[in-house]
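Work through the exercises below with the model open beside you. Try each task before reading its solution.

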Amino acid sequence: MYLTHLKCPRCGREHDAGVPQNLCECGSPLLARYDLAAVARVVEPERFGLRPADLWRYRELLPVADPHCVTTLGEGWTPMLRAPAYGAEIGVDELLVKDEGLTPTGSFKARGAAVGVSRARELGIRRIAMPTNGNAGAAWATYAARAGLGATIVMPLDAPSICRRECVAAGADLRLVDGLISDAGRRVAALVAASAGTIFDAGTLREPYRLEGKKTMGYEIVEQLGWQVPDVIVYPTGGGVGLIGIHKALDELRELGWIEDKLPRLVAVQSTGCAPIVRAFAAGEDRAQPWTDAQTVAYGITVPAPLGDELILTALRATAGTAIAVDDAEILTDLRDFAAREGLLLCPEGAACLTAARKLRAGGWIRAGERVVVLNTGAGVKYPETVDVSGVPVFPS
């Protein structure tokens, strides 16, 4: 394993990667660091194509040393689909959709769960707990079951019902709160504090290895484009782990010498009903203030106070990117328009990225001829309520 240590991006303090870790003493998430020079000496990027089509093909750049601890359901290596009809309609001729809906639990959260649970297992953790808006809890419950770990999942009462059912089916200790993910987070914090060290907090960015699974989306995008980077990557941003992870992957690839210095411009997409990152970015601030009365049909990005706000804003500014908020009515319209033209039903978070791409192209921020990758972070069939069928005619038998 080429993992060397964990480092705090805020204060620079280094931490031991050989023991379970949560946040740095200064309150910042920790980032995994690798001996990339050693990786470059033993790995040629062209040889990844000879390995299995899952995220573990990048094993030298992942934090799990013992192959017996790898917990997998075949996650990763999702397709990147061209969308010529919709792209032509919005003026983006090279529009690509990375479809994370085909992961084992139906969302990109399976990546973080696979690597996070595998590393937890390797470090001797026996039970994890986490707050979630739905899909992350379903994924971590599923992978915890496969690894033989216990899982306590706390989610808002309004979370998608399928996610609750996935947790129950996986044997997790599911708890519901009548509130937002921030309320669920306080429940988990109290539970962990009272556990005398028997429960590990695996909440978003409160442990460093979920991010390592998510970063493989960045590796895959570049490999699927023939070790070239696109011009723009558009990402739905709640907790922001995926966007932070993609930026980390790009930085690692550049340090390895596998891509050139120019990076894609990253776009953080939020809803007008919950846009703390957009507000902070527009104001030139380094931290985001909590959003009050957060609500949106794109439930996965309803995160009023993301812990990784500094890292998200850093990624946007380091890549000359931007942040944009879109409203629910446009999200649902673009979701249906895309499905009708391309035959792919997106999750509402993925549809929000289409709305953002359409608006950014109309305003000139996305230029003619640019290659744009949109992330669809989950399977649309997990959100049946996003398609209104009330007007469908019913005929007598």
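The exercises that follow concern a predicted model.

**Exercise 1. Check the span of helix H4 (residues 135–147) against its number of residues.**

Solution. 
- Step 1: H4 has 13 residues.
- Step 2: The expected span is 1.5 Å times one less than the number of residues. For H4 that should give 18 Å.
- Step 3: The end C-alpha atoms of H4 are 18 Å apart, which agrees.

**Exercise 2. Decide how enclosed H4 is by the rest of the structure.**

Solution. 
- Step 1: Buried means under 20% relative accessible area.
- Step 2: List the buried residues of H4: Asn-135, Ala-136, Gly-137, Ala-138, Ala-139, Trp-140, Ala-141, Tyr-143, Ala-144 and Ala-147.
- Step 3: Ten of the 13 residues are buried, so H4 is largely enclosed.
- Step 4: Find the partners. The buried residues pack against helices H3 (109–122), H5 (161–169) and H7 (210–214), and against strands E6 (127–131) and E7 (150–156).
- Step 5: Gly-148 follows H4, and its phi is positive, near 80°.

**Exercise 3. Is Ser-107 buried or exposed?**

Solution. 
- Step 1: Locate Ser-107 in the loop between strand E5 (94–99) and H3.
- Step 2: Its relative accessibility is 1%, so Ser-107 counts as buried.
- Step 3: Leave out residues up to four places away in sequence. Ser-107 then touches Glu-100, Asn-135, Thr-377 and Gly-378. Asn-135 is also one of the buried residues of H4.

**Exercise 4. Describe how helix H10 (residues 276–283) meets helix H11 (residues 309–318).**

Solution. 
- Step 1: Two packed helices are described by the angle and the distance between their axes.
- Step 2: The axes of H10 and H11 come within 11 Å and cross at roughly 55°. That makes H10 oblique to H11.
- Step 3: The crossing of H10 and H11 is right-handed.
- Step 4: H10 contributes Ile-277, Ala-280 and Phe-281 to the contact, and H11 contributes Asp-309, Ile-312, Leu-313, Leu-316 and Arg-317.
- Step 5: Sort this contact by class: six nonpolar, no polar and two charged residues.

Definitions and conventions. Residues are numbered from 1 along each chain as its sequence is written. This is a predicted model: local features need pLDDT of at least 70, side-chain atom pairs count only at pLDDT 80 or more; totals for chains, interfaces and linings use all residues. Side-chain values use heavy atoms; hydrogens and water are left out. Axes are lines fitted to C-alpha atoms, for helices over the stretch in contact, and angles run from 0 to 180 degrees between N-to-C directions. Helices (H or I, at least four residues) and strands (E, at least two) are DSSP runs, numbered from the N terminus. Angles under 35 degrees count as roughly parallel, over 145 as roughly antiparallel, 65 to 115 as roughly perpendicular and the rest as oblique. A crossing is left-handed if the near helix is turned anticlockwise from the far one by less than a right angle, and right-handed if clockwise. Contact means heavy atoms within 4.5 Å. Ala, Val, Leu, Ile, Met, Phe, Trp, Tyr, Cys and Pro count as nonpolar, Asp, Glu, Lys and Arg as charged, and the others, Gly among them, as polar. Buried means under 20% relative accessible area, exposed over 50%, partly exposed in between (1.4 Å probe, protein chains only).
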